[in-house]
Amino acid sequence: MGAAAELPAAEACLDRLLSQVIAEGLCVACGACLGLCPHLIFLDGRVAAPDACGLSEGRCIDLCPLDPAPEPAARRQRLHQALGSSYLPPIGPVQQAWQGRAPAADLQGKAQYGGVVSELLSLALEEGLVGEAVVTVAGQRGAPQGARARNRQEVLAAAGSIYAGGGALGELNRALAEPTDHPLAVVGLPCQVLAAANMKAHPRYPAAAQRLGLVVGLFCTMNLPARALRGLLKEEGVQGPVLKSDFPPPPAGVFQVWTQAGLRELPIAKLRDIRFPGCAFCPDLTAELADLSVGACEGRPGLNTILVRTPAGAALIERARERGRLELEPAAAESMAHLKQAAENKRARAAQARTERQHG
Amino acid sequence: MADLTKLTPGQRTLLQGNEAIARGALEAGVSLAAAYPGNPSSEILESLADSAASAGIYVEWSANEKVALEAAAGASFTGLRAMASMKQNGVNVCQDFICNLTISGTKGGIVLVTADDPGSISSTNEQDARFIAKLAELPLLEPSTPAECLAMMRFAFELSEQIGNLVVLRSISRLSHTRAGVTPGPLPASRPRPYWDPKVAWHTLPTVPRHRVMLEKLAQAGRIMSAAGFNAYRGPERPELLVIASASSALYAGEARDRLGVASRVGLLKLGCTWPLDEALLLKHLASTEQILFAEEVDPFIEDGVKALYAQHAPELGVKRFFGAATGHTPPVGELSPDVLASALGQILGREPATVDPAYLERVAERVAALVPPREFGFCPGCPHRASFWAMKQVLAVDGRDGLVSGDIGCYSLAMLPTGFKRANAVHCMGSGPGVAGGLGQLRGQGFTQPVITTVGDSTFFHAALPAIINARWNRSDFVLVVLDNSATAMTGFQPHPGTGQTATGREGTQLDPETVLKALGVPCQVVDPYDMQATQQALYDAVQASGGVRALILRRVCALVQNKRGGHPYTMSVDQDKCRGQDCGCHRFCSRVFRCPGLFFDEAAGKAMIDPVVCVGCGVCTQICPAGAIQAEPRKEAAA
């Protein structure tokens with residue numbers, strides 16, 4: 001009897017991913033399912049699977065942060081437990097909260113806010129804490145895609161936020177499949193950080209548990225489909241490649257885009273219209289399952305807020321401070337209160353969206 | 001094919017039906033032969049092309065069938081004998097011209113050969129092209145054997161000149177491709193010099209009087225045909241059952257009658273001249289029997305004609321029982337066979353046909369099935385179309401708007417099957433791909449948002465796609481035109497076409513390239529090598545994302561079989577057994593199961609993918625689909641560039 005006939009009759013993993021996530025419009029292009037097998041492909045910010053795979057025990061659906069099957073809180077509790085941390089809404093476990101910046105001159109004007117993520121990655125690579133860092137860069141047509149940075153120059157090339165789904169975790173999967181053993185870092189949105197936690201906790205993904213040494217989370221307001229964003233910008237007359245973009249903290253209510261022609265601001269409502277529908281169900285503002293999370297600092301455009309969540313995150317921050325690579329100060333209490341409130345609000349919106357979906 | 005002028009007159013030789021048709025034309029003194037290739041007709045023109053130099057005649061592959069027949073008509077107007085050959089679909093392509101030519105009339109003998117394909121062995125339809133004879137009121141001949149092919153072709157040219165009109169000869173797949181003994185006759189010592197008297201005009205006006213003349217020509221043809229000896233009766237004077245048959249079905253009917261041992265009860269009227277019907281002959285035989293069975297492929301062409309004749313003479317003939325397609329005794333689709341006719345005869349005569357024990361047949365089928373590997377229609381190893389449709393599949397999936405592919409006729413029609421990832425959503429006839437796409441692309445204003453790709457081969461591009469492309473350009477339709485340019489009319493046997501620059505007889509022609517034509521039409525156009533999967537995918541995606549107007553992508557890579565003849569492909573392929581993840585790939589045999597190149601297979605014993613060195617041509621494309629990088633391509637030292 002051929003091996004094909006011995007395949008379990010259970011529903012194929014890919015079929016579940018297609019029917020429960022992609023066909024439902026929930027995919028946010030995090031890339032967790034990419035790079036594991038050739039069936040799932042990614043182009044211009046979109047994930048697709050043109051062929052049937054037939055396997056029932058593939059990892060694609062298991063790693064998907066949008067898999068609707070597990071109840072979100074239960075899943076997060078389980079993952080925190082697996083990672084040795086605690087599930088503590090609304091912003092997750094926080095060992096230390098800082099606000100700060102990287103003073104290095106080469107980061108100025110390139111990195112988002114205070115340049116903390118770029119500096120931390122650069123430091124981790126320089127000092128051999130990790131061998132490669134998986135980041136998101138602008139690829140063809142300006143659509144984001146995963147890339148690997150091995151030195152400061154490559155980190156700087158990826159500096160600055162790209163508010164569009166880039167499938168970067170596919171690159172992480174490809175890196176983990178290679179026959180090397182150096183630790184890896186990954187920078188991701190909350191959905192990607194959740195997927196990274198799925199990878200580390202997955203019983204059939206030992207490479208992730210062994211090699212994924214640093215997970216840097218980004219605060220996430222909204223993630224956008226690359227093609228729809230390009231269409232919107234074209235519609236709004238924004239010409240040429242986007243050099244930088246930003247959702248400044250409330251109450252700005254705008255999306256800022258820098259091109260060669262200068263700054264354009266679009267009302268945030270227009271961005272909400274095109275965002276990934278799956279983002280509506282995300283309760284996580286601050287990437288709770290990361291080693292450390294980084295975002296904007298309210299009222300201080302030149303600084304980042306940094307939430308240190310794990311010993312690995314704390315060690316890296318401490319190393320950066322010792323080397324003079326970061327200038328840090330304790331996060332302002334008022335700013336943290338506002339952050340928690342914003343996180344509560346996102347959590348409540350997600351719960352409501354989930355309830356509405358469940359009840360049609 | 002062979003140079004048929006080298007055959008020795010009077011010396012019996014083995015000839016294919018199509019060769020016999022060609023030899024008959026040569027013996028009749030044909031001076032110009034033109035055709036568009038298509039199975040089962042192609043060998044007719046190939047034989048003539050290979051005989052052209054010796055015979056001193058002009059032979060061409062034309063851009064399409066209409067052009068072929070028009071060229072033949074031109075020669076006829078100068079007094080030369082000429083012919084056009086085609087498969088059944090081609091008759092549709094030139095139907096408009098036929099229906100006008102029949103009114104204008106002709107001078108030199110002119111014959112249209114249609115080679116039909118009952119059973120649709122290699123066709124997209126199963127059309128019975130005999131109806132063109134009724135439609136255009138033309139004489140129709142149906143040979144049964146290669147010898148008759150030759151004889152009828154000689155007769156057809158004579159008949160055409162006698163009545164001054166086109167004559168149709170209909171072959172079928174089994175006859176065109178069967179071989180049998182034929183005794184060739186002499187070739188003409190000379191042919192007339194072409195001349196068109198400028199005082200003579202060939203046109204259809206005044207139409208009605210000329211239409212009347214056309215009918216008189218047909219009646220005259222009927223009288224000539226009845227004396228030609230192609231209709232024959234074998235059997236008792238007053239048969240219990242009369243079988244009226246044509247073409248191969250006449251042979252099947254004779255075999256069925258012998259098998260049942262009912263030769264004394266069943267008469268067989270074999271008709272070689274099937275339009276107009278020989279009324280006197282038919283009335284005589286109808287009067288001799290009470291029961292009639294029709295044996296013909298595909299449609300009840302003779303059956304309906306005879307019934308109509310009977311209706312006119314029913315008072316004299318009395319009550320008759322007719323059996324055939326109308327009663328279900330013969331199928332109106334597919335091929336006939338001795339078995340089918342034996343069954344029909346047995347049913348009518350109350351005789352159980354001698355059949356093989358069904359249980360035995362079942363056991364044989366099981367044994368054979370176990371021995372024969374599953375074999376489906378598929379692109380050849382190394383076929384560039386596999387890579388092209390792979391790109392279309394990937395791109396339309398990731399585009400996510402339920403994009404469609406409007407296919408066309410050629411090897412790439414197989415894209416409707418798993419070999420092309422079922423990525424052709426519609427396939428009909430030559431040139432219909434861009435035509436259908438043109439309509440779809442005009443529905444944007446009514447909410448139709450699905451992207452549309454249409455595929456045409458290089459030969460199809462010149463055959464029939466251009467009017468649809470021009471129409472789309474003119475009316476600003478919105479679709480992506482993909483020209484699958486494999487530099488050959490591959491499906492029908494690598495005949496040259498305008499894009500190759502070669503001609504039927506090897507004489508150098510003018511090479512036309514699709515991009516120049518498209519640029520002249522103002523259609524933006526990019527040429528990409530489909531073997532470069534990444535580049536093809538990107539170019540196709542960009543073309544799909546663009547909107548407004550027709551934009552073209554020419555995926556150019558020579559047909560894998562042509563490349564084999566040119567010295568082969570550049571690589572020796574292998575699968576690194578250490579790198580191949582086998583069953584643990586996570587892809588469930590992606591290379592052999594999904595990509596489906598016959599050069600790849602899964603070794604059940606080893607649990608790994610393997611290259612079949614006998615089948616693999618070494619194109620190297622599959623290196624791009626293996627997620628583990630296990631498929632490797634080593635450059636072949638002796639490979640052609």
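Predicted model: local features only at pLDDT ≥ 70, side-chain atom pairs only at ≥ 80, totals over all residues.
Trainee: What share of the residues in chain B is buried?
Mentor: The C-alpha trace of chain B spans about 80 × 70 × 60 Å along its principal axes. A residue is counted as buried when 20 or more other C-beta atoms lie within 10 Å of its own. Of the 641 residues in chain B, the buried share is 53%.

Trainee: Among contacts in chain B between residues at least 6 apart in sequence, what percentage joins residues at least 24 apart?
Mentor: Contacts here require C-beta atoms within 7 Å. Taking those in chain B between residues at least 6 apart in sequence, the part that joins residues at least 24 apart is 80%.

Trainee: Which radius of gyration does chain A have, given its 360 residues?
Mentor: Chain A holds 12 helices and 13 strands, and its C-alpha atoms fill a box of roughly 65 × 45 × 35 Å along the principal axes. A compact globule with 360 residues would have a radius of gyration near 21 Å, and the value for chain A agrees with this. That value is 20 Å.

Trainee: What percentage of the residues of chain A counts as buried?
Mentor: Among contacts in chain A between residues at least 6 apart in sequence, 70% join residues at least 24 apart. As for burial, the percentage refers to the 360 residues of chain A. The buried part is 51%.

Trainee: How many Å apart are the C-alpha centres of domain 1 and domain 2 of chain A?
Mentor: Domain 1 of chain A covers 3-63, whereas domain 2 is made of 86-224 + 271-358. The C-alpha centres of domain 1 of chain A and domain 2 of chain A are separated by 25 Å.

Trainee: How many nonpolar residues are on the side of domain 1 of chain A that touches domain 2 of chain A?
Mentor: The contact between these domains takes 27 residues from domain 2 of chain A and 18 residues from domain 1 of chain A. On the side of domain 1, four residues are polar and three are charged. The nonpolar residues there number 11.

Trainee: Which elements give two or more residues to the side of chain A that touches chain B?
Mentor: The contact takes 17 residues from chain B and 18 residues from chain A. The side of chain A divides into 10 nonpolar, five polar and three charged residues. The elements that give two or more residues to this side are strand E1 (41-43) and strand E2 (46-48) of chain A.

Trainee: Which residue in E9(A) is the bridge partner of A:Ser245?
Mentor: E8(A) and strand E9 (residues 254-259) of chain A pair in the antiparallel sense over three bridges. The partner of A:Ser245 in E9(A) is A:Val257.

Trainee: Which residues are in contact with B:Arg154, leaving aside its neighbours within four places in sequence?
Mentor: B:Arg154 is placed in helix H7 (residues 146-163) of chain B. B:Arg154 has 18 other C-beta atoms within 10 Å, so it is partly exposed. Its C-alpha atom is separated by 8.6 Å from that of B:Gly29, 125 residues apart along the chain. With those sequence neighbours left aside, B:Arg154 is in contact with B:Gly24, B:Glu27 and B:Ala28.

Trainee: What is omega for the cis peptide bond that joins B:Asn39 and B:Pro40?
Mentor: B:Pro40 is in the loop between strand E2 (30-35) and helix H2 (42-55) of chain B. For the cis bond between B:Asn39 and B:Pro40, omega is about 10 degrees.

Terms used: Residues numbered from 1 in each chain as written. Chains lettered and ligands numbered in written order. Domains from an automatic or database assignment. Contact = placed C-beta atoms within 7 Å. Nonpolar A, V, L, I, M, F, W, Y, C, P; charged D, E, K, R; others polar. Helix = DSSP H or I, 4+ residues; strand = E, 2+ residues; numbered from the N terminus. Buried ≥ 20, exposed ≤ 12 C-beta atoms within 10 Å, placed from the backbone. Rg over C-alpha atoms; globule rule 2.2 N^0.38 Å. Pairing = 2+ DSSP bridges.
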